[in-house]
Amino acid sequence: MNKALKIVGILVVALLVVVAAGVVYLRYTFPKVDAAPVISIEKTPALVERGEYLAHHVAVCIDCHSTRDFSRFSGPIVEGTFGKGGDVFDHSMGFPGTFYARNITSDKETGIGNWTDGEVYRAITTGVSQNGDPLFPVMPYKAYANMTTNDAYAIVSYIRTLNPIEHKVPKSEPDFPMNLIMRTIPSGNPTPTDERTLDDEMVKGKYLLTIAACTECHTPQEKGQPIEGKFLAGGFEFKFPNGAVVRSVNITPDKETGIGNWTEDAFVQRFKNYEAPEATAKQIDPDAFNTIMPWAMYAGMKEEDLRAIYKYMMTLEPISNKVERYTPPGAVAQK
């Protein structure tokens, strides 16, 4: 009996040693990305203007890193909160922990005022923070890794112009074992698109769709991974605090369940309908249909860019996937 207990004890200790070694290995070996580049970006007016366009209307960085008013349709950004951070992604939304969008203003205490240009660039394009810790991929850095170098620099330049806002955002708290798995997610380094290839409208459309992170919301997932064969087929669920559930729509060119019957003009107009401030100004009933889609932000995208996205999307495989768009509070979704 004593011999058996001794053997069990040895095995337990050995297992703990292996686990500890694994944790140490993950902690000090990952993420496997290069050090932040030593760069100083010349923040020309043209570059800042391009960055503002991308951050507000394409990559919509300002969406998650500001305060949105969901008492109004589509949750438009509250003026004066650009970059202050604090948006929460937690268990109620299906996330393995509680994650916060950080303050990206130039405040030196609570923002990124003491980050170098290279550290900001690395965070955007590889998902690694100033201190080397990984960022949870609710920020689609895998998509942003494809930005042209000029576009990534433009966003960095624009972020630097945001008014400093003193707003301390809580530290993200991933669950176990996600706190370890996260370290393996950032991998490799940026793979910037060659800007010269964007003269081709189809290439440009794919590029814009990628950095706009359309796939992040319009492709359903299981355990954090896109479901094979469902690219842009919709059905990703977003839960509101009142219990309502909104689902992303099928944006493949399927004629029955997607947008295959939409004309190019109709596609563009769908966005431009929300360009005027009054389109999202009206207060709505708390239990009325709402969406997390930041229509007012995407509405500012240039028409030529929207048309390029449409043309590219129409070349994709149509996928039949009927989505129940909305489940009101207290209702049960129909399967």
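Predicted model: local features only at pLDDT ≥ 70, side-chain atom pairs only at ≥ 80, totals over all residues.
The buried residues are Asp151, Ala152, Ala154, Ile155, Val156, Ser157, Tyr158 and Ile159. They pack against four helices, namely H2 (45-58), H3 (61-64), H4 (117-126) and H8 (201-211).

Apart from neighbours within four places in sequence, Ile155 is in contact with Gly51, Leu54, Ala59, Cys61, Ile124 and Met147.

**The largest nonpolar core**

Ile155 also belongs to the largest nonpolar core, a set of 55 residues. Within this core, the residues with the most contacts are Val58, Met147, Ile155 and Phe267. At least two core residues come from each of H2, H3, H4, H6, H8, helix H10 (264-272), helix H11 (295-298) and H12.

**Packing of H8 against H12**

Helix H8, one of the partners of the buried residues of H6, also packs with helix H12 (residues 303-313). The angle between H8 and H12 is about 100 degrees, and their axes lie 7 Å apart. Angles of 65 to 115 degrees count as roughly perpendicular, so H8 is roughly perpendicular to H12.

On the H8 side, the contact involves Glu201, Met202, Lys204, Gly205, Lys206, Leu208 and Leu209. These residues meet Glu304, Asp305, Arg307, Ala308, Ile309, Lys311, Tyr312 and Met313 of H12. By residue class, the contact of H8 with H12 comprises seven nonpolar, one polar and seven charged residues.

How values were computed: Residues numbered from 1 in each chain as written. Heavy atoms only, no water. Buried < 20%, exposed > 50% of the residue type's maximum accessible area, 1.4 Å probe, protein only. Contact = heavy atoms within 4.5 Å. Axes fitted to C-alpha atoms, helices over the stretch in contact; angles between N-to-C directions. Parallel < 35°, antiparallel > 145°, perpendicular 65-115°, else oblique. Nonpolar A, V, L, I, M, F, W, Y, C, P; charged D, E, K, R; others polar. Core = buried A, V, L, I, M, F, W, Y, C linked by side-chain atoms within 4.5 Å.
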